[in-house]
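Here is my note on the model, point by point. Please keep the coordinates open while reading.

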Amino acid sequence: MPTIFTKIINGDIPGDFVYRDDLVVAFRDINPQARVHILIVPIKEIRNIQEVTAEDEAILGRMLHVARIVAEQESIAESGYRLLINNGADAHQEVFHLHMHLLGGEALGPLLAKR
Ligand code: 5GP
């Protein structure tokens, strides 16, 4: 079964894309937690960081490079932003297709807020 993010990447369900290349895409989160909330997602289905292998290192590096590019596109490179990966149950990972949140466009407060 393809993940929901694979369905978005393939165009089977809509996505508000801001970036796409041969390894990585970026699209806006459907439930934004900040004025700018973008998901940076490898095209390859990797469940989470615990499934990463040495052959995925180019993908991981590209994800960070794309964060820089998208931050510039969104005009938040100077004001700052947060990059976040939720990994597993305690981190409240909801979608088991590796992704990095890029959050910004406003002051985000302290790193961890328990609800
Ligand atoms: P996680 O908790 O797994 O790190 O975050 C998953 C994120 O995916 C959440 O912020 C959620 O709002 C977002 N999300 C879930 N389903 C969809 C969807 O269908 N489209 C988009 N654009 N974002 C989604």
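1. Exposed means a relative accessible area over 50%, buried means under 20%, and partly exposed lies in between. D22 comes to 57%, so it counts as exposed. Note that this is a predicted model.

2. Overall fold. The chain has two helices and five strands. Their order from the N terminus is α-β-β-β-α-β-β. The radius of gyration is 14 Å, close to the 13 Å that the globule rule gives for 115 residues, so the chain is as compact as a globular protein of that length. The C-alpha trace spans about 35 × 30 × 30 Å along its principal axes.

3. Packing and surface. Of the 115 residues, 37% count as buried. Among contacts with a separation of 6 or more, 57% are between residues 24 or more positions apart. The accessible surface is about 7200 Å². Carbon and sulfur atoms hold 53% of that surface.

4. Charge. There are 11 positive and 16 negative side chains. The centres of the two sets lie 4 Å apart. Side chains of opposite charge can pair when their charged atoms come close. How many salt bridges does the count come to? It comes to seven.

5. R62 and D22. These two form a salt bridge, with the closest N and O atoms 2.8 Å apart. R62 sits in helix α2, residues 57-73, while D22 sits in the loop between β1 (17-20) and β2 (24-28), so the pair ties together parts 40 residues apart in sequence. R62 is partly exposed, at 25% relative accessible area. D22, as noted, is exposed.

6. K44 and E55. Here the closest N and O atoms of the salt bridge are 3.3 Å apart. Both residues lie in the loop between β3 (36-42) and α2, so the pair ties together parts eleven residues apart in sequence. K44 is partly exposed at 34% relative accessibility. E55 is exposed at 63%.

7. K44 and D56. K44 also forms a salt bridge with D56, the closest N and O atoms being 2.6 Å apart. D56 lies in the loop between β3 and α2, as does K44, so this pair ties together parts twelve residues apart in sequence. Is D56 buried or exposed? At 1% relative accessibility, D56 counts as buried.

8. A network. Salt bridges that share partners join D16, R28 and E74 into one network.

Definitions and conventions: Residues are numbered from 1 along each chain as its sequence is written. This is a predicted model: local features need pLDDT of at least 70, side-chain atom pairs count only at pLDDT 80 or more; totals for chains, interfaces and linings use all residues. Side-chain values use heavy atoms; hydrogens and water are left out. A salt bridge is a side-chain nitrogen of Lys or Arg within 4 Å of a carboxyl oxygen of Asp or Glu. Helices (H or I, at least four residues) and strands (E, at least two) are DSSP runs, numbered from the N terminus. Buried means under 20% relative accessible area, exposed over 50%, partly exposed in between (1.4 Å probe, protein chains only). The radius of gyration is taken over C-alpha atoms; the globule rule is 2.2 Å times the number of residues to the power 0.38. Contact means heavy atoms within 4.5 Å. Accessible areas come from the Shrake-Rupley method with a 1.4 Å probe; for residues, only the protein chains shown count as cover. Lys and Arg count as positive and Asp and Glu as negative; His and the chain ends are not counted. The place of a charge is taken as NZ of Lys, CZ of Arg, CG of Asp or CD of Glu.
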